[in-house]
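This briefing is for a reader who has not seen this structure before. Please look at the sequence and the model first.

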Amino acid sequence: CLSAAALDASDLELAIAGLDHVDVDDWKSHTTYSEGYSATHASIKHFWAYVDSLQLERRAKLLQYVTGTSRVPAGGFSRLQGRDGDAKAFELRLRAGGDAE
């Protein structure tokens with residue numbers, strides 16, 4: 001059992017708010033693709049190149065736009081949660097009218 005005395009302020013902040021560093025490689029490795037997209041699709045390659053080029057603050061804003069939070073859960077993207085609170089991978093999917101190859 002972990003006691004509150006064993007936690008300092010930064011540990012508590014991490015547990016509550018998550019990480020402020022957005023690791024693009026971790027994000028990519030915990031992303032699923034569907035409905036015509038794959039990791040090798042040209043649009044996906046461009047997307048990740050763009051994300052990788054962003055400064056940390058802009059990455060955090062993009063993350064907030066697509067997930068609802070600007071911080072990565074403690075434990076990384078493998079701990080990302082859906083609206084129902086269950087663990088859910090980040091997903092990119094091709095929609096009708098999108099950029100089919």
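Predicted model: local features only at pLDDT ≥ 70, side-chain atom pairs only at ≥ 80, totals over all residues.

Residues are numbered from 1 along each chain as its sequence is written, and side-chain values use heavy atoms, leaving out hydrogens and water.

**Helix α3**
- Helix α3 spans residues 42-53; helices (H or I, at least four residues) and strands (E, at least two) are DSSP runs, numbered from the N terminus.
- Its buried residues are Ile-44, Trp-48 and Val-51, where buried means under 20% relative accessible area, exposed over 50%, and partly exposed in between (1.4 Å probe, protein chains only).
- On the other side of α3, Lys-45, His-46 and Ser-53 are exposed.
- The buried residues of α3 pack against α2 (24-29), β1 (31-34), α4 (56-67) and β2 (90-93), with contact meaning heavy atoms within 4.5 Å.

**Salt bridges**
- A salt bridge is a side-chain nitrogen of Lys or Arg within 4 Å of a carboxyl oxygen of Asp or Glu, and the count by this rule is 4.
- Arg-59 pairs with Asp-52 in a salt bridge, the closest N and O atoms being 3.8 Å apart; Arg-59 is buried, at 13% relative accessibility.
- Glu-57 and Lys-61 form a salt bridge at 3.6 Å between the closest N and O atoms, and both lie in helix α4, 4 residues apart, about one turn of the helix.
- Arg-93 forms a salt bridge with Glu-91, with 3.7 Å between the closest N and O atoms.
- Salt bridges that share partners join Glu-35, Glu-91 and Arg-93 into one network.

Note on methods. Expected span 1.5 Å × (residues − 1).
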